[in-house]
Amino acid sequence: MKGWGPLAVGIALLCLLHADLWWWNDLRLVAGVPASLLYHLAYCAVAAVAMGALVRRRWPRG
Amino acid sequence: MTVTLIVLGLYLSLLLGVALGSHRLFRGTGEDWFLATRTIGPLLLLGSLFGTHMTAFSLLGASGEAYHRGVGVFALMASSSAVVVPLVFFLLGPRVWRLGRRNGYVTQVDLVRDRWGSSALGTALFVALVLLLVPYLLIGVKGGGITLREITGGAAPEWLGSALLCLIVLVYVWAGGARGTAWANALQTVVFTLLGGLAFWVVVGKAGGLGAALDRVAAERPDLLVPGAAIRPLELASYMLVPLSVATFPHLFLHWLTARDERTFRLPIVAYPVGVAAVWLPSVMLGVLGAVQVPGLEGPASSSVLVRMIRDHAGDALSGLLAAGVFAAVMSSLDSQSLALSSLFTRGVVRHYAGPEPGPRREVLLGRLFAAGVLGVALLLSLVVDRSIFRMGIWSFSGFTALAPLIFAAVWWRRATRAGAWCCLVTAMAAWLAFLLRSWDEPGYTVGGGGLMPVAVMLALSAAALVVGSLLSRPPAAERLARFFPAEEETP
């Protein structure tokens, strides 16, 4: 499990950021899309980057 | 309507051709039929995993739920899946693949039986998995029926679409096995992802563009543009647990084992979040737009909103093509589920109790007949069950999530014991049944009415039962553990 610390913190943070309660009742459209929906689309993109980092840094050698 | 059906028929013929074409590569062994002799590469694995996971739930269920609850549905299931699903693939996929290759596993039943040295535990898990798969199969079977009914304007009854879907899936799974299923899923994944986007583009175009369409929603149903109007914070948080169900889906487990090697998992893990967003965004948005364009759909009837929008806005040929996209999403799951049922029965029951005597051909035949039988049961149930696709999906997934600690413990926790595994399995299923009966007539049920989804309680109970049961019993024998946790092995 060595070296898991920062990645585990990053994953936990990513899970926490899923709850975007700060604009849970915000009716604004940002770039033509409801603010919360745009946030969650960006969240998916960030998740892909995070998975890339996970695979690159924690994949078993050999 | 004739043109629509011709286009749909052409697509189904193409699909059968691809799947049956893969039969030429069939090597005549059980391992080839169930696991394609572990030869599937990264792109095909991505296609088969993604196609298997995205089902009628992601198209008809998502749009139907968004019809009532708005854009927040994307956060409930899509963005939560974007993190949790690839993480589960990362933590379990390569380990399970390695153990499967080393010890010859085909199903979770093989793994659990061997890990804890208990035949009865494996059989109990088999029963639990089949029980949980039935509502999941229902989603697909009903989805096919709804699609054909709506696309023909009600001329074709729902049961006909459901039966047609089951028949086509059985034919190509029967002939192609795991390889045929993987090929068909890869094709269908491309089809439903592209056509989902196309459906969104066509509908939004007819509504005068995205801005005009959303302006109308803001004027008539502003509640659908803010998640907070229909979704409580605790509900959002507990939905994050639902995608853990992929740890226990027998059809995904089977596809993990078809991988060529461990590195094959890397592409699916990284690409998954983007794929989930690409499929769910059009579905959720079409559901929201449908609430103002096709108002008045009550309860489960909203599952048909996506197909109604397609029928109302696209021409005949395009309607057929877009309906083929919905069929593709449905069939790409039903086929893997049928294959998984077949392998669970063949390996988990026939091979285990009857030994190798029946022979590989008879084994495969029995597995196929079992899958056909369970699909038949799902078809019959689809005639009487009238719950929404989204709700049925959540119930099925919640049960699988409750069993996730069992699979994680099998490959990650040395101290997990047979007693702990039994406690986990029994608790998970008892909690699932209790909550199912409690909420059957109350679609929006949450624990204590505060927004907490039953899945959170089920998971907490089953995980606690696993830990307590394990710590109160004797640790597993060192020689058994050595087969699962070799000292020199480096894993994620």
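These legends walk you through close-up views of a predicted model. Local features need pLDDT of at least 70 and side-chain atom pairs count only at pLDDT 80 or more, while totals for chains, interfaces and linings use all residues. Residues are numbered from 1 along each chain as its sequence is written, chains are lettered from A in the order in which they are written, and side-chain values use heavy atoms, with hydrogens and water left out.

**View 1. Where chain A meets chain B.** Here 33 residues of chain A are in contact with 40 residues of chain B (contact means heavy atoms within 4.5 Å). About 3,200 Å² is buried between the two chains, and carbon and sulfur atoms give 82% of that area (buried area is the accessible area, 1.4 Å probe, that two parts lose on being put together, summed over both).

**View 2. The side of chain A that touches chain B.** Elements giving two or more residues to this side are α1 (5-17), β2 (33-34) and α2 (35-58) of chain A (helices, H or I, of at least four residues and strands, E, of at least two are DSSP runs, numbered from the N terminus). The largest share, 13 residues, comes from α2(A). By class, this side has 23 nonpolar, six polar and four charged residues (Ala, Val, Leu, Ile, Met, Phe, Trp, Tyr, Cys and Pro count as nonpolar, Asp, Glu, Lys and Arg as charged, and the others, Gly among them, as polar).

**View 3. A salt bridge in chain B.** Side chains of opposite charge can pair when their charged atoms come close. Look for B:Glu235 and B:Arg69, whose side chains meet in a salt bridge at 2.7 Å, N to O (a side-chain nitrogen of Lys or Arg within 4 Å of a carboxyl oxygen of Asp or Glu). B:Glu235 lies in helix α10 (residues 233-239) and B:Arg69 in helix α4, both of chain B, so the pair ties together parts that are 166 residues apart in sequence. Over all chains, the search finds 16 salt bridges, yet across the interface of chain A and chain B the rule finds zero.
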